[in-house]
Amino acid sequence: MSIPYITFKLAKNEKKSLKIIGQIRQFIRQGADEVKYRQRPQDFTRDYILTFTTTTTLILSNLTNSLSVELIRFFSKLKLDPQYMVTKSAFSQARKKVRPLFFSDLFEYVVKCAYKIIKVKRWRGFRLWAMDGSGLRLPDIEALGDLFGWHKNQHNRVPSARLRGIYDVLNHLCVRIDLKSRHEDELTTAQDWVSDQPKDVLMIYDRGYFGFNLPWLHHHYGTHYLLRCPLGATRSIQAFLASHKKSQVVDFVAGDRSTRSMRKRNLPLHRYTKVTVRLIRVELGKDQPPEVLMTNLLDHRKYPTRLFKKLYFLRWGIETYWDRLKNIFAVGSFSGYSQTAIWQDLYATVIATNLQSILCADCQKKLNQINSNRYWNYQINRNISAGLIKDYFVKLLLKSESKIKRWLQELLTLMLQNLERIVPNQSRPRNFKIMDRKRHETEKNYRRV
């Protein structure tokens with residue numbers, strides 16, 4: 001059966017993508033005049049093909065394939081004569097003139113604009129954010145290994161870092177990202193970020209973040225959290241499990257280790273300091289032990305116990321985001337080997353993932369109409385849409401502003417023509433066997449074309 005041709009038109013209330021594209025274009029134009037985004041004041045003052053605007057847009061276009069091919073594709077869309085094609089060396093020299101601060105500021109600006117433009121989804125008045133970390137292998141450069149750390153075994157060592165991020169699981173936006181040393185504790189980063197958490201956010205943590213410090217810091221700054229607890233971690237948790245209660249408010253008491261670490265931060269925490277928390281019992285199945293969640297949402301009537309199982313399950317959104325960031329947008333396939341290139345590519349890739357989420361949100365109303373006529377529900381294919389966005393990137397950011405609406409409609413139409421079925425209640429048993437398929441593979445010194 002043939003698939004009916006789908007067309008997309010931007011209605012008055014469906015111009016979120018158009019506004020975001022306009023904001024990004026404006027930020028890049030204004031950034032070209034800001035000295036703080038250049039390594040030296042005299043950079044990008046000469047009339048040359050690789051201007052500040054062109055160089056930054058090129059970096060933002062997700063350079064995951066062979067750099068020579070990426071340059072040819074990019075400048076051919078700008079109708080540049082092949083005899084004047086930009087070389088890899090010229091691009092490498094041009095990108096060194098752009099400070100990573102530009103891309104980090106653009107990332108924060110896109111997130112801020114997105115929350116103003118989109119219809120923000122909430123849970124009981126809260127935005128749901130999840131915090132987590134993920135390992136990231138870096139190019140095999142000695143300086144990067146000395147900066148971020150080495151992953152070693154009995155045969156070799158490779159530079160490796162730790163991605164730390166916060167992800168809005170309902171609105172599918174990465175709201176904070178950082179690259180830390182692989183030797184730095186994730187809990188330390190989480191404690192550093194609590195003070196910046198907005199009051200209307202409920203932060204969800206995995207059990208790796210368990211400890212007294214996080215609940216106390218949330219209490220100290222007046223923010224909210226949901227934390228999974230290791231079974232048997234404290235006597236109060238053991239007593240709660242033995243009581244078979246579904247929910248209970250208890251006092252969490254500080255120990256010597258927590259007191260010492262908080263004193264190093266000059267925070268007023270003393271031995272035997274108490275913080276009131278709510279423990280929630282979550283039943284997973286007949287043959288599985290229960291889980292225990294901890295939160296400072298103490299009101300049982302406003303936040304019934306039955307809601308928290310599905311609420312914590314939403315944390316899985318950040319796990320799927322790491323998968324999308326690494327396997328679809330190929331964040332580990334860096335286009336340069338310097339520290340500057342690593343930071344530029346990281347922020348550029350995360351900006352691309354957020355732009356994809358905003359474009360998908362613009363298609364949701366049309367997608368609901370499509371699903372109303374089908375037996376199964378469908379969603380936009382994230383892999384194909386990432387490739388489509390990359391193809392339209394030059395047109396949307398560098399071409400004539402008068403044609404942006406038409407190109408955006410073409411892009412959204414193509415995204416709606418490439419859907420995938422949503423499999424409800426999909427569950428697969430975890431396979432813990434050692435995967436050794438890469439053990440005998442040789443590392444290539446080139447990227448895909």
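The structure is a predicted model. Its protein chain contains 16 helices and eleven strands. The radius of gyration is 24 Å, close to the 22 Å that the globule rule gives for 449 residues, so the chain is as compact as a globular protein of that length. Along the principal axes, the C-alpha atoms occupy a box of roughly 75 × 55 × 50 Å. Of the 449 residues, 48% are buried. The accessible surface of the chain amounts to about 24600 Å², and carbon and sulfur atoms account for 49% of that surface. Contacts also reach across the sequence: among those between residues at least 6 apart, 70% join residues at least 24 apart.

In α3, the buried residues are Leu 67, Glu 70, Leu 71, Phe 74 and Phe 75. These residues lie on the same side of α3, because they cover an arc of only 110° around the axis. What do the buried residues of α3 pack against? Their partners are α2, α4 (88-95) and α15. Just after α3, Lys 79 adopts a positive phi of about 60°.

Helix α14, which spans residues 364-371, has Leu 367, Ile 370 and Asn 371 as its buried residues. Here the arc around the axis is only 95°, which puts these residues on the same side of α14. The elements against which they pack are β10 (378-380), α16 (404-416) and β11 (419-421).

Side chains of opposite charge can pair when their charged atoms come close. With a limit of 4 Å between a side-chain nitrogen of Lys or Arg and a carboxyl oxygen of Asp or Glu, the model has 17 salt bridges.

A second salt bridge joins the side chains of Arg 127 and Asp 200, at 2.8 Å from N to O. It too connects distant parts of the chain: Arg 127 belongs to strand β1 (residues 127-137), whereas Asp 200 lies in the loop between α7 (186-194) and β5 (201-205), 73 residues apart. Are the two partners buried or partly exposed? Arg 127 counts as buried because its relative accessibility is 11%, while Asp 200, with a relative accessible area of 25%, is partly exposed.

The side chains of Arg 281 and Glu 283 form another salt bridge, with an N to O distance of 2.7 Å. Arg 281 is buried, its relative accessible area being 16%, whereas Glu 283 is partly exposed at 43%. Elsewhere, salt bridges with shared partners connect Asp 132, Asp 206, Arg 228, Glu 291, Arg 315 and Glu 319 into one network.

The backbone has further local features. Most residues other than glycine have a negative phi, and most peptide bonds are trans. Arg 124 is not a glycine, yet its phi is positive, at about 50°. This residue is located in the loop between α5 (101-117) and β1, and a relative accessible area of 45% makes Arg 124 partly exposed. His 244, likewise not a glycine, has a positive phi of about 60°. Its place is in the loop between α9 (235-243) and β7 (247-253). With a relative accessibility of 59%, His 244 counts as exposed.

On the surface, Tyr 48, Ile 49 and Tyr 84 make up a nonpolar patch. Together these residues present about 320 Å² of accessible area. Ile 49 sits in the loop between α1 (16-31) and α2 (52-60), and its relative accessibility of 34% places Ile 49 among the partly exposed residues.

Technical notes: Residues are numbered from 1 along each chain as its sequence is written. This is a predicted model: local features need pLDDT of at least 70, side-chain atom pairs count only at pLDDT 80 or more; totals for chains, interfaces and linings use all residues. Side-chain values use heavy atoms; hydrogens and water are left out. Buried means under 20% relative accessible area, exposed over 50%, partly exposed in between (1.4 Å probe, protein chains only). Helices (H or I, at least four residues) and strands (E, at least two) are DSSP runs, numbered from the N terminus. The arc is that of the directions from the helix axis to the C-beta atoms. Contact means heavy atoms within 4.5 Å. Patches are made of residues with over 30% relative accessible area and no salt bridge: like charges are joined within 9 Å, nonpolar side chains (Val, Leu, Ile, Met, Phe, Trp, Tyr) within 5 Å. Accessible areas come from the Shrake-Rupley method with a 1.4 Å probe; for residues, only the protein chains shown count as cover. The radius of gyration is taken over C-alpha atoms; the globule rule is 2.2 Å times the number of residues to the power 0.38.
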